Amino acid sequence: MKKTLLICLMGLLCLPISTLKAQSKVAESPPGTDLVYQPGIPGQEGGSSSARRGEAAPVVIYGEFMGEIPEEEIFLYTWSRYSGNGLIYKDAIIQQIDLDMPSLQRGAVPGLVRTFNSSTPSHLAPFYICIRTEDKVLLSTALVLPGDSLMIRWESSEQLIYFSGPQGRQMDLQHALYRLSQNTFTPNQTIVVNDRDEYLSSGKNLQKIEEARGLFGRQLDVVQRGSGELELLESKVMDTLYRSQIERLLASYTGDISTERIQLLRTEFLGRYDARLSKSLYRLVKGQKELLIETASAARLKHMLGRLKQRMENIYLPLSYQLGGYLENWFYLSEASASIMDQDFFEWIISLDDGDGKDVLYEYYLLTHGKQLQDLDGRVATALEEINDPIIWRNVEMIRKNRSSGVLISSDPLISITGENVGLDDFKEELVLVEFWIPGCGACHYYYQNIMKELHLHFDGDPRIRLVSVGVDKEEGRWKENEGEYYHGGGDNFFLKTYDHAVLKQLGIQSFPSFALLDQDSRILKASGFPTSDLQAWVDLLNTTLNKEFKPQSKISDL
């Protein structure tokens with residue numbers, strides 16, 4: 001049976017590309033090169049001529065899978081303006097690529113070899129790729145330029161990937177930069193407590209700390225909420241060790257890689273690191289407002305903000321707004337600035353001068369905060385009036401079309417617990433509350449036990465409302481095992497095998513649990529701004545909506 005490699009093309013420009021079979025011939029796509037692809041023979045080192053000329057071009061990716069091919073399907077992800085949270089340009093086109101017939105590898109290490117040859121959509125600016133199965137990353141996120149040509153060699157026995165071809169050296173550099181960044185900053189290395197001395201006086205807590213240190217393999221800090229968090233973050237912002245390590249690593253590759261690419265990688269990785277610090281600063285200010293009241297701590301917060309702003313200015317390039325590291329840093333730094341000034345972030349964005357960065361902030365804001373916004377429709381409308389970039393305007397317009405009140409829910413079917421296909425639009429003449437959850441999610445378990453289970457009891461027998469549960473998991477058996485833990489056994493329960501389902505895409509669901517409220521005609525009434533853990537607030541919301549949707553009748557009593 002023929003083994004295939006699935007290519008998942010994600011991003012701004014998604015174009016169907018003809019299937020290319022790996023053969024010993026001139027690779028059709030590396031513009032500006034005469035690279036001859038022969039399995040097992042590295043390509044020549046070189047630059048990306050299309051990137052230098054500013055022309056739109058694809059990236060050629062070819063190489064060998066050696067040993068046992070993974071049973072799972074393999075995907076290539078392509079992003080424009082990669083965002084670490086996966087929000088920007090997440091829609092995908094899946095392209096199937098044929099692997100060649102297996103051949104016997106000759107040499108010291110015998111085994112099977114299967115080659116492939118493919119290319120991405122054409123781009124004008126830098127973009128990102130990643131190769132992975134559904135559960136395992138084979139090639140971590142990498143920045144590429146139009147016209148690049150990359151040869152990879154993946155060895156299953158060692159679980160290693162080797163780079164060659166014209167961009168082999170720059171991929172080696174990116175891999176080293178990625179590993180350095182992963183080992184430098186880990187959010188799980190800190191425990192925040194209300195009373196540090198009391199916490200450390202407990203033998204049980206000390207045992208947990210030692211277990212966690214063994215798990216993470218590094219020092220684990222216990223800090224006092226507020227003042228301790230401020231001191232720890234301040235030390236990280238002022239620390240220059242990581243930046244100097246990045247600079248030394250970049251300098252060691254200067255003779256092999258173009259100055260342009262070195263500058264892009266510096267902006268990407270320093271921006272990505274500072275984005276984490278900016279995000280921590282924003283969360284600290286948002287969660288500990290009292291720090292702004294005390295003069296000394298407020299001054300320290302503003303000093304950190306100024307230092308991060310200066311560093312962002314120092315790594316700015318004309319292509320910065322195409323780089324995910326810079327964009328994420330810009331977003332969280334802007335959010336921290338608004339919080340320190342005690343200003344609503346959306347209003348703060350409106351007050352900025354027009355420019356590329358402002359449009360990006362609108363898009364990031366609506367994608368990251370959309371679920372929590374009570375007035376999503378109004379803010380989307382305002383953003384559409386303000387945005388100048390046509391691509392970003394289109395993306396925000398899709399939010400309005402897909403998630404705004406009055407839009408019909410997707411008719412793509414869900415799988416019932418009995419194996420039948422049922423669409424959410426099949427439920428008519430009743431209010432429908434839909435909960436989306438995944439197995440193993442602590443928050444999903446909490447919401448079912450404390451909210452959804454109680455709502456099932458509270459509205460039992462009311463023909464005007466239906467409570468629907470949708471579990472998302474590729475393993476159907478695991479979903480069914482969670483009755484009573486994540487879903488109500490006697491309710492309307494459905495299953496999705498993919499996170500790319502049309503309903504999830506339409507509602508912009510990126511985290512779980514998530515909710516949607518549909519009217520009697522299967523139109524979206526609400527897709528954001530739901531109550532948190534307040535059961536009475538949920539009951540009030542549903543009762544108020546029922547009284548608007550139906551003629552007044554006897555109202556189920558409050559809790």
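Residues are numbered from 1 along each chain as its sequence is written, and side-chain values use heavy atoms, with hydrogens and water left out. Because the model is predicted, local features need pLDDT of at least 70 and side-chain atom pairs count only at pLDDT 80 or more, whereas totals for chains, interfaces and linings use all residues.

The predictor's confidence in each residue is expressed as pLDDT, from 0 to 100. For the protein chain the mean pLDDT is 77, and 79% of the residues reach 70 or more. Over residues 1-47 the pLDDT falls below 50, and this stretch has 148 contacts in the model beyond near neighbours in sequence, a contact being defined by heavy atoms within 4.5 Å. The pLDDT is also below 50 over residues 82-94, for which 50 contacts beyond near neighbours in sequence are present in the model. Where pLDDT is low, the predicted coordinates should not be read in detail.

The protein chain contains 18 helices and 21 strands; helices (H or I, at least four residues) and strands (E, at least two) are DSSP runs, numbered from the N terminus. Of its 559 residues, 51% count as buried, where buried means under 20% relative accessible area, exposed over 50%, and partly exposed in between (1.4 Å probe, protein chains only). Among contacts in the protein chain with a separation of 6 or more, 73% are accounted for by residues 24 or more positions apart.

Helix H2 (residues 168-184) has 17 residues and, at 1.5 Å a residue, should span 24 Å; the distance of 25 Å between its end C-alpha atoms agrees. The expected span is 1.5 Å times one less than the number of residues in the helix. The buried residues of H2 are Gly-168, Gln-170, Met-171, Leu-173, Gln-174, Leu-177, Leu-180 and Ser-181. An α-helix has 3.6 residues a turn, so residues three or four places apart point the same way. The cover over the buried residues of H2 includes strands S10 (137-144), S11 (149-155) and S12 (160-164), together with helices H6 (241-252) and H7 (259-287). In helix H9 (residues 295-314) lies Ser-297, which is buried with a relative accessible area of 6%. Apart from neighbours within four places in sequence, Ser-297 is in contact with Leu-230 and Leu-291.

The structure holds 17 aromatic pairs. Rings of Phe, Tyr and Trp (its six-membered ring) pair if their centres lie within 6.5 Å, with planes under 30 degrees apart counted as stacked, over 60 as edge-to-face and the rest as tilted. In the pair formed by Phe-331 and Phe-345, the ring centres are 5.6 Å apart and the planes lie at 65°, so the arrangement is edge-to-face. Phe-331 belongs to helix H10 (residues 324-340) and Phe-345 to helix H11 (residues 345-351), so the pair ties together parts 14 residues apart in sequence. Both residues are buried, Phe-331 at 1% relative accessibility and Phe-345 at 7%. One aromatic cluster is formed by Phe-331, Tyr-332, Phe-345, Phe-346, Trp-348, Tyr-362, Tyr-364 and Tyr-365.

Charged side chains also lie over aromatic rings, under the criterion that NZ of Lys or CZ of Arg is within 6 Å of the ring centre and within 35 degrees of the ring normal. Arg-272 is placed over the face of Phe-269, at 4.7 Å from the ring centre. The charged end of Lys-526 sits over the ring of Phe-530, 5.6 Å from its centre.

Ala-527 is located in the loop between strand S21 (524-526) and helix H18 (535-549), and counts as buried at 11% relative accessibility. Ala-527 and Lys-371 are separated by 156 residues in sequence but by 6.8 Å in space, C-alpha to C-alpha.

Positive phi values were examined next. Glu-429, a residue other than glycine, has a positive phi near 60°; Glu-429 lies in the loop between strand S16 (421-422) and strand S17 (431-437) and is exposed at 64% relative accessibility. Ser-522, likewise not a glycine, has a positive phi of about 65°. The position of Ser-522 is in the loop between strand S20 (514-518) and S21, where Ser-522 is buried at 0% relative accessibility.

The structure holds 0 disulfides, a disulfide being a pair of cysteine sulfur atoms within 2.5 Å. Cys-441 counts as buried at 12% relative accessibility, and Cys-444 is buried with a relative accessible area of 0%.
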